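Please take a look at the structure below.

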Amino acid sequence: MFVLGLQGSPRVKGNTGILLASFLKEAGRLGALTQHLDVAKKNITPCQECGVCEEKGFCPIDDDMQEVYPLLRRADIIVIATPIFFYGATAQLKALIDRSQALWSRRYIHKFEDPGMKWRRGFLLAVGATKGKNLFEGVELTAKYFFDAVGANYEGSLTYKRIEASGDIKNHPTALKDAKEKAGTLVTPLADRKKVLFVCTENACRSQMASAFAQYQAGDRIETISAGSSPAPEINPLMEEVMNEKGIDMAYRRPQSFEDASKFGAPDLIISMGCNDACPVYPGVRNIEWDLEDPANKPIDFMRQTRDKIEKRVLELLEKV
Ligand SMILES: Cc1cc2nc3c(=O)[nH]c(=O)nc-3n(C[C@H](O)[C@H](O)[C@H](O)COP(=O)(O)O)c2cc1C
């Protein structure tokens, strides 16, 4: 599983960074793959309100946000961490949050469902210098709406007042321990899911569809990973189209190699769609062969038939797993 930490302070080794690191360290110890992303180091232009995402479902601004969208989609848990700047999140983090309007548009205007929204969780960490009664109200509301846009269930926050000079958070009696414990509470149920690895040749059609259907139906109890023996540079646009016909959003998914997939740990089960003898080998792990013809470069109807066959097999599989 993957935990994404979005660190919003420009003081990258400041209080927010230290608090987030405590959360991510525990998540990593519990077996999650983690990424601590210092948002202030990224080039993320504020939303220009151009309307393209509402019309077409993607953001046309070519900057580092294009790397962030796939991470948001891939994450099982997203943590946003920020110091309070004028009763809100930092401008750097707010720019990233506003750019998630592209995902909001896919969900609410285009009516596509990202399978991840069935189990993804969101959490907020925040610190501020003063002790104002309403210090975290603004950022909590922002977090709530951000997590809704990116398809994550908001699990609440840990917030700390009277934290000002860099490193003050280390002297707080419970903050770092609280963050560690919260990581345990959020990560453990998701880390305990059974892992199914779907494989095909290019990880552009068959294994992507199988993985998405399994996530859509049972992502809260099964962690799925997909990979290819010779991954394509992009997922197949026709595959994306036929999945959209079923209301399932495949945007920002990327084909990956067996080696990349192995970073998520050994699977409990492998389903292969026809990668022949190039299939990954995990000693002692059962490998089921579905032997489905590759729909790449075939007419859209063949892609639809393959999609429907895969959906049926996934439903049958889920009754047994
Ligand atoms: C531009 C700016 C605005 C701030 N606004 C607030 C504020 O409205 N309320 C508050 O309690 N602290 C405010 N602070 C203080 C920071 O929230 C506080 O120092 C925090 O611990 C910084 O965390 P960091 O080390 O992760 O950057 C502000 C700091 C800066 C630089």
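## Around helix H4

The buried residues of H4 are covered by elements that include strand S1 (2-7), H3, strand S3 (77-83), H5 and helix H6 (137-149). Contact here means heavy atoms within 4.5 Å. Helices (H or I, at least four residues) and strands (E, at least two) are DSSP runs, numbered from the N terminus. H4 itself spans residues 91-99, and its buried residues are Leu93, Ala95, Leu96, Ile97 and Arg99. Buried means under 20% relative accessible area, exposed means over 50%, and partly exposed lies in between (1.4 Å probe, protein chains only).

This is a predicted model: local features need pLDDT of at least 70, side-chain atom pairs count only at pLDDT 80 or more, and totals for chains, interfaces and linings use all residues. Residues are numbered from 1 along each chain as its sequence is written, and side-chain values use heavy atoms, with hydrogens and water left out.

## Two nonpolar cores

A nonpolar core is a set of buried Ala, Val, Leu, Ile, Met, Phe, Trp, Tyr and Cys residues joined through side-chain atoms within 4.5 Å. The largest one has 47 residues. Leu6, Leu72, Ile80 and Phe146 have the most contacts inside it. Helix H3 (residues 65-74) gives this core its largest share, 5 residues. A second, separate core has 28 residues, among them Phe198, Met209, Trp290 and Leu317.

What does isoleucine 80 contact, leaving aside neighbours within four places in sequence? Its partners are Leu6, Leu93, Ile97, Phe123, Leu124, Leu125, Ala143, Phe146 and Phe147.

## Aromatic rings

The whole structure holds 6 aromatic pairs. In tryptophan 104 and tyrosine 108, the ring centres are 5.6 Å apart and the planes meet at 40 degrees, so this pair is tilted. Rings of Phe, Tyr and Trp (its six-membered ring) pair if their centres lie within 6.5 Å; planes under 30 degrees apart count as stacked, over 60 as edge-to-face and the rest as tilted. Tryptophan 104 and tyrosine 108 are 4 residues apart in helix H5 (residues 101-108), so about one helical turn separates them. Tryptophan 104 is partly exposed at 30% relative accessibility. Tyrosine 108 is partly exposed too, at 33%.

Phenylalanine 146 and phenylalanine 147 also form a tilted pair, 5.3 Å centre to centre with 55 degrees between the planes. Both of these phenylalanines are buried. Ring pairs link Phe146, Phe147 and Tyr154 into a cluster.

## Charges over rings

A charge sits over a ring if NZ of Lys or CZ of Arg is within 6 Å of the ring centre and within 35 degrees of the ring normal. Lysine 118 lies over the face of tyrosine 216, 3.6 Å from the ring centre. The charged end of lysine 298 sits over the ring of phenylalanine 302, 5.1 Å from its centre.

## The ligand

How many residues surround the ligand? There are 17, and the closest are Ser9, Thr16, Ile84, Thr130 and Ile163. A residue counts if one of its heavy atoms lies within 4 Å.

For isoleucine 84, a backbone N or O atom lies 2.7 Å from one. For threonine 130, a side-chain N or O atom is 2.7 Å away from one. For isoleucine 163, a polar backbone atom is 2.6 Å from one.

Note on methods
Polar contact = N/O pair within 3.5 Å; in protein donor to acceptor, adjacent residues only side chain to side chain.
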